[in-house]
Each structure stands twice: as structure tokens, then as C-alpha cells.
Amino acid sequence: MDTLNRISKVFAGAEEIPFDDSSRIILMSDIHRGDGSWADDFSRNQNLYFAALTHYYQENYTYIEIGDGDELWKNKSLAQIIRYHSHVFWLLAKFYQEGRLHFLYGNHDLVKSDDQYVRDNLYQYYDEREKKLIPLFPGLKVHEGLVLKHRETGQKIFLTHGHQVSYLDYDIWKISRFLVRYLWRPLETLGFNDPTSTAKNYRRKDDVKKKLLEWVNQEKHMLICGHTHRPMFPEVGCPPYFNDGSSVHPRCITGIEIAEGLITLVKWNVQTRDDGTLFIGREILAGPRRLKDYAENTNP
């Protein structure tokens with residue numbers, strides 16, 4: 001199937017989530033939560049992520065994770081990831097209990113496309129301290145795509161990871177996973193870069209961006225993806241392809257906020273006060289822009 005038609009098929013079958021100008025939504029992807037080992041790229045940013053997540057929980061945001069939340073190419077066991085990052089999953093569960101959490105899957109956690117896998121691994125987890133199973137995300141549905149639809153204007157924003165346009169990450173993802181898990185993971189300790197990684201290969205990043213922009217130009221829909229780890233925030237009048245970046249940048253995490261009818265690209269990093277003390281703070285990278293300004297050249 002042509003990659004653009006593949007994206008269109010996901011869009012056509014995506015569940016719609018209504019929102020309006022009073023809604024608050026934070027979009028993040030490519031968290032790559034790992035098992036706490038040297039190969040866990042998320043570990044160095046876990047405090048940034050937890051601080052940001054705490055802020056969004058307290059400010060009544062809905063959290064939408066646009067794929068690759070968990071690193072399930074390098075790691076076989078999701079239970080190990082949940083055990084090591086239990087504080088993160090505890091907070092994510094609080095979002096879920098209040099109906100403020102949605103998960104999409106990407107290529108690195110594509111196993112979550114299997115409903116049985118989700119039931120076995122995400123509905124509940126074993127708490128070693130209490131020696132019993134504890135509910136985590138009972139009844140959870142993990143999506144390939146979602147559509148945010150504005151209650152008043154009808155404006156649609158399509159959310160999907162973006163790996164669907166990559167042959168290595170979609171068509172032969174099991175082979176790519178095998179190479180990452182058994183070849184490139186150990187070689188990374190010697191300084192080798194994984195050539196299968198879109199995030200570490202600029203040519204592949206550009207290829208993915210080009211194909212996603214082509215879909216936006218062809219279908220006239222606003223699109224927000226992850227996958228490339230490269231934040232994108234177009235000017236009004238340009239094709240409305242956005243990318244929320246990742247949580248495994250060397251010194252920050254990024255995300256896209258939708259609130260009060262505005263869209264904003266933000267980052268969270270360690271900052272310094274005048275007295276020399278450190279704190280975790282939020283900075284605006286691009287925007288805010290009015291969502292309806294991007295609707296002029298898109299289909300309803």
C-alpha cells in the first residue's frame with residue numbers, strides 16, 4: 001500500500017475526540033521509557049518529564065501520548081519498564097482515572113496494537129511490595145490515530161506517530177526490532193550509531209518529513225506527529241504539519257500544548273535562578289498561534 005494511502009486509512013478509521021477553546025491538551029511522544037539500564041535513554045530526563053507531567057495534571061490538561069511511549073525494541077519486558085518508572089506510571093494512572101489520558105502506539109511500541117498484549121500488560125501490574133496485582137489502565141484502548149474535532153468550528157487535527165511512511169519502521173519493523181535489540185543495543189556502548197533509527201539519521205528524518213508534508217498538502221488536514229524527534233511548528237499559511245519532538249533530547253523534553261484556542265510548542269529543562277539555584281521550568285519555543293488561523297486552508 002502506498003504510504004500516503006496508509007496514513008489516509010488511519011485517518012479515516014481514527015476515533016474522534018471533541019474539544020473546544022476551554023480544553024487543555026498536552027501532546028507528547030517518543031518518551032522511550034526504558035528499564036533503567038545504560039540503554040534507557042529516558043532515564044536522564046525522567047525528572048524533567050515527571051515535573052512537566054505533574055504541572056499538566058495539576059492544571060487539568062488531558063495527556064495524549066503520540067507513540068513510542070515505551071522502549072519495546074531494546075526491551076522485551078514492559079513489566080520491567082513499569083517497575084523501574086513506577087512513579088511515572090502512578091501519575092499516568094491518575095490521568096487515566098479522570099478520563100484525561102489517551103495512548104497512541106508508534107514503531108517502538110507497536111506491540112500495543114495487539115489488544116491482548118494491552119490487556120495482559122497494561123490493565124494491571126504486579127506490585128512487589130504489596131505482593132498483588134494492582135489496577136493500572138483497566139479497559140485501555142491504544143490507538144494508531146486519533147482526531148481532535150472542535151465542537152464549534154468542526155476543525156479537525158489528526159494525531160498519529162508518523163512511522164507509517166517508513167519502510168524500516170512499518171513494513172519490516174520486526175526485523176528492525178531484532179537488529180536494535182540484539183545488534184545495535186550492545187554496539188551503542190562502543191560509540192556506534194544505530195543506522196535503523198530515524199531519530200539519529202538526518203536523511204531518514206527528512207524523508208519522513210517530506211512524505212508527511214506531502215500527505216498534508218494532498219489531503220488538506222492539520223497533522224501532528226512524533227517519530228523523528230525533531231520539533232516542527234509551521235507559520236500560519238504554511239502546510240500545517242506539526243511535530244512535538246521527544247523526551248530524549250540531551251538537555252530537555254518538548255511537547256505541544258493546545259489550550260484556550262491556541263497551539264504552542266514548549267520545552268522543559270533545567271534553569272538557573274539569579275541566586276544560582278536550579279529548577280525545572282517551561283519555555284516557549286514557538287507560538288502561541290490561534291488554531292483557527294490554521295483552518296483556512298484545510299478541509300473541515
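Buried means under 20% relative accessible area, exposed over 50%, and partly exposed in between (1.4 Å probe, protein chains only). This is a predicted model, where local features need pLDDT of at least 70, side-chain atom pairs count only at pLDDT 80 or more, and totals for chains, interfaces and linings use all residues. Residues are numbered from 1 along each chain as its sequence is written, and side-chain values use heavy atoms, leaving out hydrogens and water.

Start with Ile 280. At 31% relative accessibility, Ile 280 counts as partly exposed. Ile 280 lies in strand E14 (residues 278-290). Helices (H or I, at least four residues) and strands (E, at least two) are DSSP runs, numbered from the N terminus.

Now turn to helix H2, residues 46-58. H2 has 13 residues and reaches 18 Å from its first C-alpha to its last, close to the 18 Å expected at 1.5 Å a residue. That expected span is 1.5 Å times one less than the number of residues. The buried residues of H2 are Gln 46, Leu 48, Tyr 49, Ala 52, Leu 53, Tyr 56 and Tyr 57. Seen down the axis of H2, they fall within an arc of 165 degrees, so they line one face of the helix. The arc is taken from the directions from the helix axis to the C-beta atoms. The face turned away from the buried side carries exposed Asn 47 and Gln 58. Asn 60 follows H2, with a positive phi near 65 degrees.

Lys 112 is buried, with a relative accessible area of 3%.
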